[in-house]
Amino acid sequence: MTVEAILLGTAQDGGVPQAGCYCANCGPARTDQTRRKLVACLGLADHATRQSWLIDATPDFREQLHVLHSLVPDCPLAGVVLTHAHIGHYTGLIHLGREAWSTRDLPVYTSPRMASFLCDNAPWSQLVALGNIKLRLLTPGSDAQLSPNLHLTPLSVPHRDEFSDTLAFVARGPTRRLFYCPDIDTWDRWEHELRRFVAGMDVALLDATFFSADELPGRDLGQIPHPLATDTADRLAGVNCDVRLIHLNHGNPLHRSGPEWDWLAARGIGVGAFGERWRLG
Ligand SMILES: [Zn+2]
Ligand SMILES: [Zn+2]
Ligand SMILES: [Zn+2]
């Protein structure tokens, strides 16, 4: 095996347990470590060049970096790739600064708008000014080479853009392709037709923040839109691809096995598991 992908987190930005919450998932997770869920994150490793990367620097960065190092000890971190500027996806960068790891010119791959956000706002701007990170600009639709064996194609996706635009990624190893899309508002406003696109992939890790519309009592889902897991599963039932749902909100019943999990499985769709690995060639 040359290139592999490793799922290092499956929860929405707030993680499980989420601050201040004692719901059916968060309450038990406070005492049972096995029910804790780290924020969505993907590791990539090239064993030939002995390098690894993280897609997104989450609030759980310290732990996820350690797990990545333990699973692929021959592949030190060679860079971080960012999807967008919501808290679950970039704030782990704080650990790269002089108060912590103090990396030197660590490549951070972002969209131009995300790069401007980092350059224009403290404390992120200090990482750039002190040379802890080196921003590498990605152009949506254009291939970026992480190593001779691993290419990334950034794709623009519609998502709340308060601070930055949002990217999803196709990671292409020597023989297989993986689609990573932790956040999108709706499949309908995306430029690709979901089922056709996923059918062209070997693995797809997809935003399933909410299982159903009645999951966040008291909050207007119109303000925080995501495709419902039930809708995504209906669109993808039986598709010829390893589909895993990720980025599950803290209250999502898919965090534990049960009827919702079985309903998905009947459609050939799985829920992402921490530490799950896929060979990309
Ligand atoms: Zn998110
Ligand atoms: Zn909760
Ligand atoms: Zn987001």
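Reader: How many aromatic pairs does the structure hold, and what counts as one?

Author: Rings of Phe, Tyr and Trp (for Trp the six-membered ring) pair if their centres lie within 6.5 Å; planes under 30 degrees apart are stacked, over 60 edge-to-face, and the rest tilted. The structure holds eight such pairs. In one of them, Tyr90 with Phe117, the ring centres are 5.6 Å apart and the planes stand at 85°, so this pair is edge-to-face. It links distant parts of the chain, with Tyr90 in helix 3 and Phe117 in helix 4 (residues 112–120), 27 residues apart. Helices here are DSSP runs of H or I with at least four residues, strands are runs of E with at least two, and both are numbered from the N terminus.

Reader: What should I keep in mind about the model behind these values?

Author: The model is predicted: local features need pLDDT of at least 70, side-chain atom pairs count only at pLDDT 80 or more, and totals for chains, interfaces and linings use all residues. Side-chain values use heavy atoms, without hydrogens and water, residues are numbered from 1 along each chain as its sequence is written, and chains are lettered from A and ligands numbered from 1 in the order in which they are written.

Reader: Are Tyr90 and Phe117 buried or exposed?

Author: Buried means under 20% relative accessible area, exposed over 50%, and partly exposed in between (1.4 Å probe, protein chains only). Tyr90 has a relative accessible area of 8% and is therefore buried; Phe117, with 11%, is buried as well. Tyr90 also forms an edge-to-face pair with Trp124, 4.9 Å centre to centre and 65° between the planes. Tyr90 lies in helix 3 and Trp124 in helix 5 (residues 124–129), so this pair ties together parts that are 34 residues apart in sequence. Trp124 counts as buried at 8% relative accessibility. Ring pairs link Tyr90, Phe117, Trp124 and Phe163 into a cluster.

Reader: Which residues are the protein donors of the zinc ion (ligand 1)?

Author: Donors are N, O and S atoms within 2.8 Å of the metal (3.2 Å for Na, K and Ca); water is not among the atoms, so sites may look incomplete. For the zinc ion (ligand 1) they are Asp13 (OD), His89 (NE2), Asp183 (OD) and His247 (NE2), lying 2.0 to 2.1 Å from it. Asp13 is buried at 9% relative accessibility, and His89 is buried at 0%.

Reader: Which residues coordinate the zinc ion (ligand 3)?

Author: The zinc ion (ligand 3) is coordinated by His84 (NE2), His86 (ND1) and His159 (NE2), at 2.1 to 2.2 Å. These donors follow the spacing H-x1-H-x72-H. His84 counts as buried at 1% relative accessibility, and His86 is buried with a relative accessible area of 10%. The zinc ion (ligand 3) and the zinc ion (ligand 1) are separated by 3.6 Å.
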